[in-house]
Amino acid sequence: MDWIQDHMAETWLITAVALAALELVSMDLIFIMLAGGALVSMVVAILGGPVLLQVVAGLATAVGLLFFIRPNLVRRLHAGPELKVGAEALIGRRAVVLEELAHAVPGRVKIGGDVWSALPFDEDDRIEPGVQVDVVTIKGAIAYVVRTQSES
């Protein structure tokens with residue numbers, strides 16, 4: 001116990017390193033915030049502050065990091081591009097009509113490299129082969145398409 005009291009800065013540094021090592025296992029950004037508090041306590045100890053001030057400064061820093069910095073970091077780490085797979089990934093894509101599309105008479109469209117059965121989204125529309133369309137929705141194995149704005 002005497003060594004700890006005589007070497008408070010080193011004790012706080014060892015505590016910070018131990019907490020940082022625990023963070024490597026948990027990956028929750030909690031222990032690293034506590035390690036930040038321990039580093040602030042170490043600085044207070046180096047400056048000669050009393051133990052109570054070291055503890056209060058470390059706790060205040062750790063709590064501040066946990067409540068103000070960690071949520072933003074977690075949100076940024078978990079945010080990313082939305083991954084769309086399957087038919088959902090085709091919605092909004094451009095396609096080319098291969099066979100005429102009319103209400104209740106499915107034709108064929110080429111979306112990327114795949115050929116799909118398709119119907120016009122607007123039931124009154126009739127779309128000829130070669131026209132570029134946009135995929136609005138997909139229900140089952142049928143793509144519902146509309147003419148692109150430049151083709152209207």
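A salt bridge, as the term is used in these legends, is a side-chain nitrogen of Lys or Arg within 4 Å of a carboxyl oxygen of Asp or Glu. The model shown here is predicted, so local features need pLDDT of at least 70 and side-chain atom pairs count only at pLDDT 80 or more, while totals for chains, interfaces and linings use all residues. Residues are numbered from 1 along each chain as its sequence is written, and side-chain values use heavy atoms, with hydrogens and water left out.

Start with Asp125, which forms a salt bridge with Arg147, their closest N and O atoms being 3.3 Å apart. Asp125 lies in the loop between β3 and β4 and Arg147 in strand β5, so this pair ties together parts that are 22 residues apart in sequence. Strands (E, at least two residues) and helices (H or I, at least four) are DSSP runs, numbered from the N terminus. Arg147 also meets the side chain of Glu128 in a salt bridge, at 3.7 Å from N to O. Glu128 lies in the loop between β3 and β4, so its pairing with Arg147 ties together parts that are 19 residues apart in sequence. Which of these residues are buried, and which are partly exposed? Asp125 is buried, with a relative accessible area of 19%, whereas Arg147 is partly exposed at 21% and Glu128 is partly exposed at 35%. Here, buried means under 20% relative accessible area, exposed means over 50%, and partly exposed is in between (1.4 Å probe, protein chains only).

**View 1. Glu100 and Arg126 form a salt bridge between two loops.**
The closest N and O atoms of Glu100 and Arg126 are 3.4 Å apart. Glu100 lies in the loop between β1 and β2 and Arg126 in the loop between β3 and β4, so the pair ties together parts that are 26 residues apart in sequence. Glu100 is partly exposed, with a relative accessible area of 36%, and Arg126 is also counted as partly exposed, at 47%. How many salt bridges does a search of the whole structure find? The search finds four.

**View 2. Five strands make a closed barrel.**
Follow the barrel in the order β1-β2-β3-β5-β4, where the pairing is mixed. Two strands count as paired if DSSP finds at least two bridges between them. Strands of a sheet pair through backbone hydrogen bonds, either parallel or antiparallel. β1 (residues 94–97) and β4 (residues 132–139) are antiparallel, with three bridges, and Ala95 stands opposite Val133 in β4. β3 and β5 run parallel and are joined by four bridges; in β5, Ala143 is the bridge partner of Ala118.

**View 3. β4 and β5 form a hairpin with two residues between them.**
Six bridges hold β4 and β5 (residues 142–147) in antiparallel pairing. Ile138 stands opposite Ala143 in β5. In the turn, look for Gly140, which has a positive phi of about 65°.

**View 4. The largest nonpolar core has 15 residues.**
A nonpolar core is a set of buried Ala, Val, Leu, Ile, Met, Phe, Trp, Tyr and Cys residues joined through side-chain atoms within 4.5 Å. Which members touch the most other members of this core? They are Val109, Ile111, Val133 and Ala143. β1, β2 (107–111), β3 (114–120), β4 and β5 each supply at least two residues of this core, and β4 gives the largest share, three residues. Leaving aside residues up to four places away in sequence, Ala143 touches Ile111, Trp116, Ser117, Ala118, Leu119, Val135, Thr137 and Ile138. Contact here means heavy atoms within 4.5 Å.

**View 5. A second, separate core has nine residues, among them Ala38.**
Leu19, Ala35 and Met42 are also included in this core. Ala38 is found in helix α3 (residues 31–46) and is buried, with a relative accessible area of 4%. Which residues does Ala38 touch, not counting those up to four places away in sequence? Ala38 touches Trp12, Thr15 and Ala16. The C-alpha atoms of Ala38 and Leu19 are separated by 8.7 Å, and the two residues are 19 residues apart along the chain. In soluble globular proteins, nonpolar side chains tend to be buried together.
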